[in-house]
Amino acid sequence: MTTRPNPNRLWLAILSLLLSVSVIGCTVRYVAEYDGSIRDEIIRIAKTVDLFYGQMLDTPTAERQYKKFKDDYLKIETDLRALEMRNEIRTFNKESTTQTKIALDLWIDDKENHKKDNTADDATLKLHRKQFARVFVAMARGEEAKQ
């Protein structure tokens, strides 16, 4: 006596296999892909900002005129704008773009305040240095979380 395979069972097996393959092959992502070069860029800019504040703190208060630091402000602002653009063009990258905009806005505020006051005190510089360190750590961790 020969047993014939049940056609319904065969179709069920094929459908199950196809469903499994399609689920495995199609992963829906709502977060941008990890980009190590962006993480490296965040760290590079963070080092530049830290150096900027370190140099300003090493400058006597009476010599901290805006004009002396203007070029460094512009270079760092340009780096932050470039990072913002890189983040904006990546799909599903809203959080990283928002973090970069926050850093850029903080930087521009610091620049404008320095321009207006034409000096900066040690307490403010130390506070802003720590603030930017926290912002850049959050940005780098956000990028690493995409792995």
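What share of the 147 residues of the protein count as buried? The answer is 30%, where buried means under 20% relative accessible area, exposed means over 50%, and partly exposed is in between, with a 1.4 Å probe and protein chains only.

Hello everyone, and a quick word on the source before the tour. This is a predicted model, in which local features need pLDDT of at least 70 and side-chain atom pairs count only at pLDDT 80 or more, while totals for chains, interfaces and linings use all residues. Residues are numbered from 1 along each chain as its sequence is written, and side-chain values use heavy atoms, with hydrogens and water left out.

Let's start with the fold. The protein has 5 helices and 0 strands, so read along the sequence the pattern is α-α-α-α-α; helices (H or I, at least four residues) and strands (E, at least two) are DSSP runs, numbered from the N terminus.

Now to the salt bridges. How many does the structure hold? There are 13 salt bridges, each being a side-chain nitrogen of Lys or Arg within 4 Å of a carboxyl oxygen of Asp or Glu. One of them pairs R39 with E144, with the closest N and O atoms 3.6 Å apart. Because R39 sits in helix α2 and E144 in helix α5, this pair ties together parts that are 105 residues apart in sequence. E144 is partly exposed, at 36% relative accessibility.

Another bridge joins R44 to D79, and here the closest N and O atoms are 3.2 Å apart. R44 belongs to helix α2 and D79 to helix α3, residues 66-88, so the pair links parts that are 35 residues apart in sequence. R44 is partly exposed too, with a relative accessible area of 34%. Then there is E63 with K68, whose closest N and O atoms are 3.6 Å apart; E63 counts as partly exposed at 38% relative accessibility. Salt bridges with shared partners also join R39, D40 and E144 into one network.

On a 1 Å grid over the protein atoms alone, a cavity is a set of points where a 1.4 Å probe fits but cannot get out; a pocket is an open set with protein on both sides within 12 Å along at least five of seven lines; and lining residues have an atom within 4 Å of a point. Grid points are joined across faces, edges and corners, and a volume is the space filled by probe spheres set on the points.

The largest pocket has a volume of about 160 Å³. Its lining has 13 residues, and N113, H114, T119, A120 and T124 lie nearest the centre. Two or more lining residues come from each of α2 (36-58), α4 (94-117) and α5 (122-144). Which element gives the largest share of this lining? That is α4, with 4 residues. By class, the pocket lining has 5 nonpolar, 5 polar and 3 charged residues. In this scheme Ala, Val, Leu, Ile, Met, Phe, Trp, Tyr, Cys and Pro are nonpolar, Asp, Glu, Lys and Arg are charged, and the others, Gly among them, are polar.

As for cavities, the structure holds 1 of 30 Å³ or more. The largest cavity has a volume of about 30 Å³ and is lined by I38, I42, N87, S96, Q99, T100, M139 and E143. Elements giving two or more residues to that lining are α2, α4 and α5, and α4 gives the most, with 3 residues.

Next, a couple of loops. R90 is in the loop between α3 and α4 and counts as buried, at 14% relative accessibility. The C-alpha atoms of R90 and D35 are separated by 9.9 Å, with the two residues 55 apart along the chain.

Backbone angles are next. Most residues other than glycine have a negative phi. F92, in the loop between α3 and α4, has a positive phi of about 55 degrees although it is not a glycine. N118, in the loop between α4 and α5, has a positive phi near 60 degrees. F92 is partly exposed at 43% relative accessibility, and N118 is partly exposed at 37%.

Last stop, the surface. L10, W11 and I14 form a nonpolar patch with about 330 Å² of accessible area together, and L10 is in helix α1, residues 7-25. Patches are made of residues with over 30% relative accessible area and no salt bridge, where like charges are joined within 9 Å and nonpolar side chains (Val, Leu, Ile, Met, Phe, Trp, Tyr) within 5 Å. Accessible areas come from the Shrake-Rupley method with a 1.4 Å probe, and for residues only the protein chains shown count as cover.
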